[in-house]
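Visitor: I am new to reading protein models and would like to go through one feature after another. Could you guide me, starting with a ligand and then moving on to the metal and the sheets?

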Amino acid sequence: MIIVLRPHVTEEELAQVVEQVRQLGLTPHISRGVTRTIVGCIGDEDRLREVPMLAFPAVETVVPIEKPYKLAAREFAAGDTQVSLGQGAVGDGAVHVIAGPCSVEGEAMLLQTAEAVRAAGAAALRGGAFKPRTSPYAFHGLGSEALDMLVVARAATGLPIVTEVLDTRHVALVAEKADCLQVGARNMQNFALLTEVGESGKPVLLKRGLSATLEDLLLAAEYVLARGNPHVMLCERGIRTFERALRNTLDIGAVPYLKRETHLPVLVDPSHAAGRRDLVPALALAAVAAGADGLLIEVHPDPDHARSDGDQSLRLDGFADLMERMRDVASALGRQLAESPAQLLRR
Ligand code: PEP
Ligand code: MN
């Protein structure tokens, strides 16, 4: 249930409404827009029906939310949520590009990639320290050593770092080092992990599961939000369908759908969708055109020798070219690429 307040209510009027909601045993979530404030209520909605909320002078309407997710629903917030990433804010209308290798393979390759993606205008650096792999015999990442390399790369470039956390036992460690915790496709419904990253209070990049519906994705986000962590970004990365030509099927319609359905930022990962370097640029451009708030793109200085996902990783020059083309598509639609940390510092 959401309680929409009249424009420009006073703090005192707001407090009265919030107090009434609490007394009924529900949890109020206040969301302030430019002119209007709304109070989302989580709990037994029947209790709220017992009280004539419209009798409060501050209350304009009371609207039920007939959806399984509440905190993630667009109606629950007064505007778009912005998630801080370093100096930037994903969801601010610009296109934020997060780029870097699938796995952190060593300090030199990471620094080389970080410098190159920063120079091309990326807003953040990605890199896997703990890797989920389909085979138990594949490379599983350099673990905490790789986290330290990411910290070095952040210090060298100013780029905030995004890295995956696979296991509840690693949340505190990854949260201490990274700016944003990635929850991967295979863990989208690992509810213990979602709860733990919710508790961490850190920005979370939540990837859509391989065969998850958009409702499943929003309910997974709800787990993080319900722990009091509002810093959640969603990421469409391709789903498994009957089509086998590409690694996954990029559900581009998910972008405009999610933008309507939720106030959370929506990102696209064209790399895991395509599975092939030559197809990544077209999918990335489509994502910008579809209204994505950001992209997650795999980039490697020597993809032929990458320890994971080399086939789909862009080379450094290919990434720089793509950034130019994304800039053009964004500007054709009246949008722009987010400023890189270097540009933000110069201001
Ligand atoms: C990744 O980003 O490298 C990754 C493992 O992604 P996903 O969870 O989408 O497969
Ligand atoms: Mn990968």
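Visitor: Which atom of ligand 1 does a polar side-chain atom of Lys207 lie 2.9 Å from?

Guide: Please keep in mind that this is a predicted model. A polar contact is a pair of N or O atoms within 3.5 Å. Here a polar side-chain atom of Lys207 lies 2.9 Å from an oxygen atom of ligand 1, and a polar side-chain atom of Arg126 lies 2.8 Å from an oxygen atom of that ligand. Glu298 also takes part, with a polar side-chain atom 3.2 Å from an oxygen atom of ligand 1.

Visitor: How many residues surround ligand 1?

Guide: There are 13 residues around ligand 1, and the closest are Arg126, Lys131, Ala185, Lys207 and Arg237.

Visitor: Which residues are the protein donors of the manganese ion, ligand 2?

Guide: To read a metal site, one looks for N, O and S atoms within 2.8 Å of the metal. For the manganese ion these are Cys102 through SG, His272 through NE2, Glu298 through OE and Asp309 through OD, at 2.1 to 2.4 Å. Along the sequence the donor residues follow the spacing C-x169-H-x25-E-x10-D.

Visitor: Are Cys102 and His272 buried or exposed?

Guide: A residue is called buried when its relative accessible area is under 20%. Cys102 has a relative accessibility of 2%, so it counts as buried, and His272, with a relative accessible area of 9%, is buried as well.

Visitor: Which strands close into a barrel?

Guide: The barrel is formed by 8 strands in the order E7-E8-E9-E10-E11-E12-E13-E14, and their pairing is parallel. On average, neighbouring strands of this sheet are turned by 25 degrees against each other, direction ignored. Strand E10 (residues 180–183) and strand E11 (residues 204–207) run parallel and are joined by 3 bridges, with Gln182 standing opposite Leu205 in E11. Helix H8 packs on the sheet, where it touches strand E12 (232–236) and E13, and its direction makes about 165 degrees with that of E13. Strand E9 (residues 161–164) is covered on both faces, as Ile161 and Thr163 on one side and Val162 and Glu164 on the other are all buried.

Visitor: Where does Thr262 lie?

Guide: Thr262 is in the loop between helix H8 (254–261) and strand E13 (266–268), and with a relative accessible area of 0% Thr262 is buried. A polar atom of its side chain lies 2.6 Å from the backbone oxygen of Ala72, while the side chain of Thr262 also reaches the backbone nitrogen of Leu264 at 3.1 Å.

Note on methods:
Residues numbered from 1 in each chain as written. Chains lettered and ligands numbered in written order. Predicted model: local features only at pLDDT ≥ 70, side-chain atom pairs only at ≥ 80, totals over all residues. Heavy atoms only, no water. Donors = N, O, S within 2.8 Å, 3.2 Å for Na, K, Ca; no water. Buried < 20%, exposed > 50% of the residue type's maximum accessible area, 1.4 Å probe, protein only. Near = heavy atom within 4 Å. Polar contact = N/O pair within 3.5 Å; in protein donor to acceptor, adjacent residues only side chain to side chain. Helix = DSSP H or I, 4+ residues; strand = E, 2+ residues; numbered from the N terminus. Pairing = 2+ DSSP bridges. Axes fitted to C-alpha atoms, helices over the stretch in contact; angles between N-to-C directions. Contact = heavy atoms within 4.5 Å.
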